[in-house]
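Here are my notes for your first read-through. Keep the sequence and the 3D view open beside them.

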Amino acid sequence: MKKNQNKMIRGIILVCLLGSLVMSCGSEKRKKKEIAAKSEKISPIDYDLDDIVESGVLRVITSYSPTGYFLYKGETMGFEYEMFKRLADHLNISLEIVLAKNVDSVIPMLNRGDGDIIALGYTITSDRKEAVSFTDPYMITHQSLIQKKPDNWRKMTRDNIKEALATDIVELINDTVSVRQNSSYYLRLKEMSNELGDSIYIDILPGETSDEQIIKMVANGEIKYSIIDHHKAAIHKSYFPNIDVETPVSLSQRIAWAVRQTSPDLLAIINQGLVVIKRKPDYNMIYEKYFENKRQFHKRLDSEYYTGSTGKFSKYDQMVKKYSAELGWDWILVKSLIYQESMFNANNKSWVGASGLMQLMPATAKEMGVSNVHDPEQNIKAGSKYLARMHSYWDQIPDSIQRIKFAMASYNCGYGHIKDAQKLAMKYGKDSMTWDEGVDQFVLNLSKPKYYNDPVVDYGYARGNEPYEYVKDIFERYKNYKTFANQ
């Protein structure tokens, strides 16, 4: 079998989706229909697109990886993440990532309702099609043998290196290959043994073992061989130059996402989006960002702030922990707010004059005794103190999370505007003690003359979309941050 045979053909992937949706009024359908399961043959819950939109949340099952879903310098990134963030935005709902620590369990997770989509770069197989419905394939790839080059490979010629490696599946006879059991790689090894009429021994790796960890095990000599999809293996080779990924072990295979067999409408809207994206350049840009930009891939994996490996978000973590404790808030939540304000750039300055990590306005900084607004500790201390003041203004809000949201919105656009929105909610018979689906809707209305000219409004017009999105984005990011903090 020749080297480089069956090279990967880049496919098309979802960036935006078509279709109009009708929102229905609330229910707890997902919770009521969730059921326990211990096998992949679980009957799927009856939960489709209208239920997802009604709930306001799209839950995507994926795993932590340096290409699909990860956190880098406070920014949630990844190929799968970016794709489904666009889908959720199109549906005007929130995206929630459900982290599968054991990838052998993703089909039961899907069918019992833990999530709505499996987004792992899943190979379409006949066995899997019995349990789930696959989207149209968005990528064509092949499986590659992962093996370690000789220790002195840098001093060897290419031909000598090639002679030391397995370049044909025949050379795997009576040898051992390490893979996860519930993987397409395991199935392929079984097929290869049958095709060759001889034994290839399979070393079963735990389902918790990621592709990245497997590649690292090969590079470190802990296992001799493994199999990984080529598009993943090729980018990892830039970080582990002592591995070889050029021996194909399969023909072309289709990669897709998976949904429940009871979710035909969700399946349809995803497939409609695949048609649309064929006319757009976005896919190539995102694909190259995660699978071809080797310099950035290497930089991320080496970074102290590649959170999944180091647990660190930024160099200001200890300061944030200190002042969050004084504020009485989860430091991860405050971290999300700081990222929203400045992306952890202490020298950031907005067009309206707000400066530093927590974007303090000059008057606020002066009032809080800040001598250097770009000094990280002074800025975080003052910003946390100002947040505490905003929080104290809303002591009449009974729910602790809702109260935090009122405080954040006040931090963003001023207490007066949020108080105006609360008075409007009260006037129009809505829940004035709740931010979500209550006061937040009247914050949005403060950009409309009918509302900002209302007699109960004291502070007039406000760009209400800003605090609305501000609070929403901070809490959505907070959920993502927590998945990494809890690893």
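1. Start with helix H22, which covers residues 465-485 and has 21 residues. From first C-alpha to last, H22 reaches 30 Å. That is close to the 30 Å expected at 1.5 Å a residue, where the expected span is 1.5 Å times one less than the number of residues. Helices (H or I, at least four residues) and strands (E, at least two) are DSSP runs, numbered from the N terminus.

2. Before going on, note that this is a predicted model: local features need pLDDT of at least 70, side-chain atom pairs count only at pLDDT 80 or more, and totals for chains, interfaces and linings use all residues. Residues are numbered from 1 along each chain as its sequence is written, and side-chain values use heavy atoms, with hydrogens and water left out.

3. Which residues of H22 are buried? Among them are Pro-467, Tyr-470, Val-471, Ile-474, Phe-475 and Glu-476. Arg-477, Tyr-478 and Phe-484 are also buried. Buried means under 20% relative accessible area, exposed over 50%, and partly exposed in between (1.4 Å probe, protein chains only).

4. Glu-476 also belongs to a network of salt bridges with Lys-85 and Asp-89. A salt bridge is a side-chain nitrogen of Lys or Arg within 4 Å of a carboxyl oxygen of Asp or Glu. Side chains of opposite charge can pair when their charged atoms come close. A search of the whole structure finds 23 salt bridges.

5. Look next at Asp-282 and Arg-86. Their side chains meet in a salt bridge at 3.3 Å, N to O. Asp-282 lies in helix H11 (residues 282-291) and Arg-86 in helix H3 (residues 79-91), so the pair ties together parts that are 196 residues apart in sequence. Asp-282 is partly exposed at 23% relative accessibility. Arg-86 is partly exposed too, at 29%.

6. Glu-191 and Arg-188 both lie in helix H7 (residues 184-196). They sit three residues apart, about one turn of the helix. Their closest N and O atoms are 3.3 Å apart, in a salt bridge. Glu-191 is partly exposed, with a relative accessible area of 41%. Arg-188 is buried, at 10%.

7. Lys-237 pairs with Glu-246 in a salt bridge, with the closest N and O atoms 3.9 Å apart. Lys-237 counts as partly exposed, at 24% relative accessibility.

8. Is Val-53 buried or exposed? Val-53 is buried, with a relative accessible area of 1%. Its place is in helix H2 (residues 49-55). Val-53 and Leu-95 are 42 residues apart in sequence, and 11 Å apart in space, C-alpha to C-alpha.

9. Trp-351, Val-352 and Met-361 make a nonpolar patch of about 370 Å². Patches are made of residues with over 30% relative accessible area and no salt bridge; like charges are joined within 9 Å, and nonpolar side chains (Val, Leu, Ile, Met, Phe, Trp, Tyr) within 5 Å. Areas come from the Shrake-Rupley method with a 1.4 Å probe; for residues, only the protein chains shown count as cover. Met-361 is partly exposed, at 36%. Met-361 lies in the loop between helix H15 (331-342) and helix H16 (362-367).

10. Finish with the whole protein. There are 22 helices and 13 strands. Buried residues make up 54% of the 487 residues. The C-alpha trace spans about 85 × 50 × 40 Å along its principal axes.
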